Amino acid sequence: MVFAILAILKAGGAYIPLDPVSSKERLGYMLADAQVSVLLTQKHLLETLPAHSAQTVYLDQDQNLFFTESTTNPISNATSENLAYIIYTSDSTGQPKGV
């Protein structure tokens with residue numbers, strides 16, 4: 001997980017934690033609301049995920065992909081003004097809110 005978070009930040013992305021015990025509706029809303037383009041997950045969690053349009057990378061299955069990638073630092077335009085992560089509030093009062 002630490003590897004994934006650091007990779008996301010280094011690539012200039014924002015980390016959005018998804019709780020696999022959340023409902024598919026909640027997870028689907030969060031994925032759509034945050035406009036997630038790449039989803040890092042594990043293969044055994046596949047059945048807990050809703051249908052989505054994000055590219056899915058399985059950290060426990062696609063490990064060989066990582067060894068073929070360049071080890072040089074990627075060029076990133078991320079600055080301190082970019083998002084680092086988004087946390088969604090509980091949905092006890094309606095739709096969850098990303099902050």
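Predicted model: local features only at pLDDT ≥ 70, side-chain atom pairs only at ≥ 80, totals over all residues.
Student: How do β1 and β2 pair?

Tutor: Strands are DSSP runs of E with at least two residues, numbered from the N terminus, and helices are runs of H or I with at least four. Two strands pair if DSSP finds at least two bridges between them. Here β1 and β2 run in the parallel sense, with four bridges. In this pairing, T41 stands opposite Y58 in β2.

Student: Which residue has its charged end over the ring of Y58?

Tutor: A charge sits over a ring if NZ of Lys or CZ of Arg is within 6 Å of the ring centre and within 35 degrees of the ring normal. That residue is K43, with its charged end 4.5 Å from the centre of the Y58 ring.

Student: Is E47 buried or exposed?

Tutor: Buried means under 20% relative accessible area, exposed over 50%, and partly exposed in between (1.4 Å probe, protein chains only). E47 counts as exposed because its relative accessibility is 55%. E47 lies in the loop between β1 (38–41) and β2 (55–58).

Student: And where is F66 found?

Tutor: F66 belongs to helix α3 (residues 63–68). F66 has 32% relative accessibility, so it counts as partly exposed.

Technical notes: Residues numbered from 1 in each chain as written. Heavy atoms only, no water.
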